[in-house]
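The following report describes a single chain and the surroundings of its ligands. Please have the sequence and the model at hand while reading.

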Amino acid sequence: MSAGKALRLGVNIDHVATLRNARGGARPDPVRAALLAIEAGADGITAHLREDRRHIQDGDMIRLKAAINKPLNFEMAATEQMLDIALKIKPHAACLVPERRTERTTEGGLDVLGGLATLKPFVAELGRAGIRVSLFIEPSFEAIDAAVDIGAPVVELHTGAWCHAVEEGEREKAAREFERLRLAAQRAARAGLECHAGHGLDFETARILSALPEIVELNIGHFLIGEAVFIGLPEAIRQMRKAMDAGRATYVESQSLRLN
Ligand SMILES: CC(=O)[C@@H](O)[C@H](O)COP(=O)(O)O
Ligand SMILES: NCC(=O)COP(=O)(O)O
């Protein structure tokens, strides 16, 4: 029986900074949240330094890199300014994401087809600096094939459309979106890419997604920070870990049923 690959939880602490920035000043501190998250079982920390600096600030990234003893995943737009910052901070990983100034959140995946020529040298330069690069993409075959052409070792599948459909009770759409994620994860693994996923996940969607054996990392932020208001951050992370383990076990059980 295959136990399936281990599934890591990356905790995104952006929205601790959103709350801090609402008043200015230093509290609540996203670095303190990162340390607490690690203590509670996070396998890594994700933070998105947006071009408009609406939540995480440059200084937060520097302090995070210095303070945490787990991998830092630096989400960034593919711009020269962000490249300079990433090369100075040297996080464990960099996830290239699309950004639009007016969007409320990251609405879709990177345009990997249209951006192939510009992304390729960008990814190579980060890779030469020892940074593991991932591309935040739509769960489509075209995007995965383009990620291979670009030379990224990792993709992160955007789960936002699926999570939104689940939340809205749009059952058919949710089933379609989940199937896209399932097939995309399979294709990514077959192409030799490490497969991550994230955006908009909660306990239930994280549990369901964890059953996909090709996915080895989930990055989760907004929901966890929201839950922290009610049950505390450590408890929110413990419950998320439990949900992910339960979802992973579904896969393991289905494997063992097939073998018996
Ligand atoms: C790329 C991504 O999914 C995130 O960084 C996350 O959504 C948190 O940042 P925003 O809410 O600002 O998009
Ligand atoms: N890349 C996705 C991420 O880091 C967290 O997204 P969300 O849970 O804040 O929507």
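Which residues does Asn 12 touch, not counting residues up to four places away in sequence? Asn 12 touches Thr 46, Ala 47, Asn 219, Ile 220 and Gly 221, where two residues are in contact if their C-beta atoms, placed from the backbone, lie within 7 Å.

This is a predicted model, in which local features need pLDDT of at least 70 and side-chain atom pairs count only at pLDDT 80 or more, whereas totals for chains, interfaces and linings use all residues. Residues are numbered from 1 along each chain as its sequence is written, and chains are lettered from A and ligands numbered from 1 in the order in which they are written.

**The chain as a whole**

The chain holds eleven helices and eight strands; helices (H or I, at least four residues) and strands (E, at least two) are DSSP runs, numbered from the N terminus. A compact globule of 260 residues would have a radius of gyration near 18 Å, and the chain agrees with this, having 18 Å; the radius is taken over C-alpha atoms, and the globule rule is 2.2 Å times the number of residues to the power 0.38. Along the principal axes, the C-alpha atoms fill a box of roughly 55 × 45 × 35 Å. Of the 260 residues, 43% are buried, a residue being buried if 20 or more other C-beta atoms lie within 10 Å of its own, exposed if 12 or fewer, and partly exposed in between, with C-beta atoms placed from the backbone. Among contacts between residues at least 6 apart in sequence, 66% join residues at least 24 apart.

The shell around ligand 2 consists of Asn 12, Thr 46, Glu 156, Gly 198, His 199, Gly 200, Leu 201, Asn 219, Ile 220, Gly 221, His 222 and Phe 223, a residue being counted as near a molecule if its C-beta atom, placed from the backbone, lies within 6 Å of it. Strand 8 (215–220) and helix 10 (222–231) are the elements that give two or more residues to this shell. By class, the shell has three nonpolar, eight polar and one charged residues, where Ala, Val, Leu, Ile, Met, Phe, Trp, Tyr, Cys and Pro count as nonpolar, Asp, Glu, Lys and Arg as charged, and the others, Gly among them, as polar.

The "binding site" annotation of the unreviewed UniProt entry covers Asn 12, Arg 23, Gly 200, Gly 221 and His 222. These residues span 211 residues in sequence, and the farthest two C-alpha atoms are 25.0 Å apart, so they do not all gather at one spot. UniProt positions are given in the numbering used here, feature names are shortened, and annotations may be inferred rather than shown by experiment.

Asn 12 is found in strand 1 (residues 8–12), while Gly 221 is placed in the loop between strand 8 and helix 10. Leaving aside neighbours within four places in sequence, Gly 221 is in contact with Val 11, Asn 12, Ile 13, Asp 14, His 15 and Thr 46.

**The annotated active site and ligand 1**

In the unreviewed UniProt entry, the annotation "active site" covers His 48, Glu 75 and His 199. Although they span 152 residues in sequence, no two of their C-alpha atoms are more than 12.4 Å apart, so they gather at one spot. His 48 belongs to strand 2 (residues 44–48), and His 199 lies in the loop between strand 7 (194–198) and helix 9 (203–209). Beyond four places in sequence, His 48 is in contact with Asp 14, Ile 56, Glu 75 and Val 97, whereas His 199 is in contact with Thr 106, His 158, Thr 159, Gly 160 and Cys 163.

Of the 13 residues around ligand 1, those that come nearest are His 48, Val 97, Thr 105, Thr 106 and His 199. The shell around ligand 1 has two nonpolar, eight polar and three charged residues.

| Residue | Other C-beta atoms within 10 Å | Class |
|---|---|---|
| Asn 12 | 28 C-beta atoms | buried |
| His 48 | 26 C-beta atoms | buried |
| Ile 131 | 18 C-beta atoms | partly exposed |

**Ile 131 and strand 5**

Ile 131 is found in the loop between helix 5 (116–128) and strand 5 (132–137). Leaving aside neighbours within four places in sequence, Ile 131 is in contact with Ala 86, Lys 90, Pro 91, Ala 93, Ala 94 and Leu 126. Ile 131 and Gly 200 are 69 residues apart in sequence and 25 Å apart in space, C-alpha to C-alpha.

Strand 5 is mostly covered, with five of its six residues buried. Strand 4 (residues 93–96) pairs with strand 5 in the parallel sense over four bridges, pairing being assigned if DSSP finds at least two bridges between two strands. Cys 95 stands opposite Ser 134 in strand 5.
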